[in-house]
Amino acid sequence: MGETKHTGPMKLPKLPEPKFWVSSIPFGLGKIKPKHIRDTMKVAWDNRDNLGYASRILTQGVCDGCALGVSGLYDQTLSGPHLCTTRLNVLRLNTMPAMEPDIIHSDIDELRKKSSTELRNLGRIPYPLIRKPGERKFRRLSWDEALDKIAAKMKRLDPKQYAFYLTSRGTTNESYYVAGKTARFLGTNNVDNASRICHSPSKTALSRSLGIGASSCNYKDWIGTDVLIFWGSVAANNQPVSTKYMYAAKRKGTKIIIINPYYEPSMDNYWIPSIPESALFGTKIADEVFQVNIGGDIGFMHGIMKHWFEMEDQQRGSAIDHTFVKTHVNNYDELKEKVQQYDWGQLEQSSGLSRGRMVELAQLLAKSKSAVFVWSMGLTQHRFGTDNVSQIANLALLRGFIGRENCGVMPIRGHSGVQGAGEMGADPFSLPGGGYNETNVKRIENIWGFDLPDWQGDIVGTTLENTLLPNDHERKLKLYYMSGGNFLETMPDPVFVKQCLESMDMRVHQDIIFNTSTFVDAKEAVIVLPAMTRYEQPGGGTSTSTERMVYFSPEINGPRMKEARAEWEIYVDLASRVKPEEKHLLAFEDAQSIRDEIATAAPNYDGIQHLKKKGDVFQWGGAWLCEGGVCPTPDGKGNLISIELPELRKPVGYFYVTTRRGKQFNSMVYHKTDPFNAADRHDVLMNREDAESLGIKDREAVVVYNKFGTFHGKAKFVNVKSGNIEVHWPEGNQLIPKGVYEKFSGIPEYNTEVVVEKAETYHAHKDTKYVEKRIEELETEIS
């Protein structure tokens, strides 16, 4: 933790700087780019029935989109208003009216025909619903009936046989805290949240490397750092407001480096709508792009360190900050030995980059006095995601880029609620204020007044798989209580996920809208509960940004769903029905009483109890965690972790495939065509030379397949690393194997090997065993 406080917003330069312009043609006319003005007008039109309320949400509420932490139209990084299309697209979820009864109670097969986008446009869920096996429609029921049914089922089950899940869109710290406490109050440790499939390796890796579980620095540290590296992160698309920070960094002389298999157009050139100069002429973002193999990041980072050690052999101190390492770092010799085990040929093959390219970045970092490393799911969603992130920490520790201005490590968050999820204890490995260990368990038991489960809870993927256990198994999942989320569109192998959802006795969908998973059958009942948005929550709510800023978002006056309830209130009511004799142990009177308890249960959050009005904010941990190089580890030092080079076996003729996001928010797709590259949702992004070697032409129909699934689409030639392809998420999830989890944090793997063929060739083979034979070739070559 640090003592230095965040100094607040800084101003942008007033004079334009033409050398950063993309084009002198105003508004990028004729170029493939987002149409911000058009999209803004569309959002205004979509919200025309509630423009006043929409305006109040934008100007008074804390953004429920990404986790940059925009309160109203302002943040703590730069002065001036911020607005992005991601936030505007999400806006309609908060302002739309209730669904019409004839839609809610229409035939289930008619509802099943609709896509998630179509369902989202139908409106809000206005009242509790139930559908039992054989019933063709949802029936309305009262809150008492709904919660009594759920409570009665829970009473009949072993606590290991039910679970809770929370998504991160708009979810407040108060809801996460009460959900985690409710789960443990009811005797289960099966509680998890959306960060499991996003940044759980970041938390795990940073904890073991630095003793922290969050970003060590601020967005302000981007502005003026020597080098700003985006590693497996497309922040311009997923966190668009961040482009304003990139612009400010460029104006301060910062070099921006992009490391990604695909040369993402949005990270190359961007027209920033809230900066007039950029809105007119665009901004060149990337100074250099390193196109690494999917899964090749560890090899690349080994190459950087290998060159550093070679530099050190020539001149001590030319690459490593030995003063920092000696005072603040463990395991230097072990790491050096590990790195030097690998020869350049191995590192080139793994990373996909030449020795010369690895040396380029190594020398740039060695000459730099400061650097900030930013990453996202391009690093985390691997079976070795924790090791990926620990390699980032290794680079930062060797150069002393920790605990001071313009330096740090930042897992950039994609959702406004996700940082607070684990910090509030809403996952099976965490409790408020720390991990699920003996010391913290005893501390929380003293605060909460009841015993916590003494068994390890399951991650979301395992929880789903547990639905298929024998009926008498103690961990056979029979009830799943989900606050938002759609596993059909977020988890690998959607066919398998559907089987899991159907195998539960009861599913509870606590949400504001229908999604495709809502209509999957259950053995006994599917119950739907209408939730409030964060802007409707009585007493307001809080959320934590990527940079550990805890913001207060007030309750905003506007139309209401008459029967919708605050999520934390629903949990409390349910718990009181399951254990009425002990309900006083979970009796929160209002949102303020929750914040009061959070301040005690999670010491870092001492200060949350004072957040009561619009604009209230504090940052836990100070401006920089590990300030001065002192880490919150047992000995106060950072730990260099020796990482093995991952095994990446790809036979000739096969491709690595990963999933990417287009114009979407989580699995909610807003445009079928990507505004940055004109790609369709079913396009297969390929390297031209790779495609032509297979006789595939641009825009030609192709089939991508492996032993897990098949994907039909069209080839689209883009600047992607040879030997690698990308497909959109969630459309390409059928190619991703189920049950492959990162060993330390439990994140699902979202990368694999595939065959790509012309559709004409694929369909010409009448032999039904054709695919199996091709896959057998793959496995033969691997073995």
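**Ground rules.** I'm working on a predicted model, where local features need pLDDT of at least 70, side-chain atom pairs count only at pLDDT 80 or more, and totals for chains, interfaces and linings use all residues. Residue numbers start from 1 along each chain as its sequence is written, and side-chain values use heavy atoms, with hydrogens and water left out.

**Domains.** I looked up the domain assignment, whose bounds come from an automatic or database source. Domain 1 is pieced together from 129-135, 144-194, 437-531 and 566-612, while domain 2 covers 200-415 and domain 3 covers 655-772. I get 37 Å between the C-alpha centres of domain 1 and domain 2.

I then checked the UniProt record, an unreviewed entry, which puts "domain: Molybdopterin oxidoreductase" at residues 124-576. Over residues 124-576 I find 39% helix and 16% strand, with the end C-alpha atoms 27 Å apart. Helices (H or I, at least four residues) and strands (E, at least two) are DSSP runs, numbered from the N terminus.

I followed a sheet of 5 strands with the order 9-6-5-11-12 and parallel pairing; two strands pair if DSSP finds at least two bridges between them. Its edges are strand 9 (288-290) and strand 12 (408-411), each pairing on one side only. From one strand to the next, the twist averages 15 degrees.

Zooming in on strand 6 (residues 255-259), I find 3 bridges to strand 9, running parallel. Ile-257 is the residue opposite Glu-288 of strand 9.

Helix 17 (residues 355-367) lies across strand 5 (227-231), strand 6, strand 9 and strand 11, at about 130 degrees to strand 9. Helix 9 (residues 200-210) lies across strand 11 (371-375) and strand 12, at about 160 degrees to strand 12. Axes here are lines fitted to C-alpha atoms, for helices over the stretch in contact, and angles run from 0 to 180 degrees between N-to-C directions.

**Salt bridges.** My search of the whole structure turned up 43 salt bridges, each a side-chain nitrogen of Lys or Arg within 4 Å of a carboxyl oxygen of Asp or Glu. I opened three of them.

Asp-109 pairs with Arg-112, with the closest N and O atoms 3.1 Å apart. They sit 3 residues apart in helix 5 (residues 108-112), so about one helical turn separates them. Asp-109 is partly exposed at 34% relative accessible area, and Arg-112 is partly exposed at 36%. For the cut-offs, buried means under 20%, exposed over 50%, and partly exposed in between (1.4 Å probe, protein chains only).

Glu-474 meets Lys-160 at 3.7 Å, N to O. This pair links distant parts of the chain, 314 residues apart: Glu-474 is in the loop between helix 22 (460-465) and strand 15 (479-483), and Lys-160 is in the loop between helix 7 (143-156) and strand 3 (162-166). Glu-474 is partly exposed at 44%, whereas Lys-160 counts as buried at 17%.

Glu-555 meets Arg-560 at 3.8 Å, N to O. Glu-555 is partly exposed at 40%, and Arg-560 is partly exposed at 30%. I also traced a network in which salt bridges with shared partners join Asp-107, Asp-109, Arg-112, Arg-131, Arg-136 and Asp-521.

Terms used: Contact means heavy atoms within 4.5 Å. UniProt positions are given in the numbering used here, feature names are shortened, and annotations may be inferred rather than shown by experiment.
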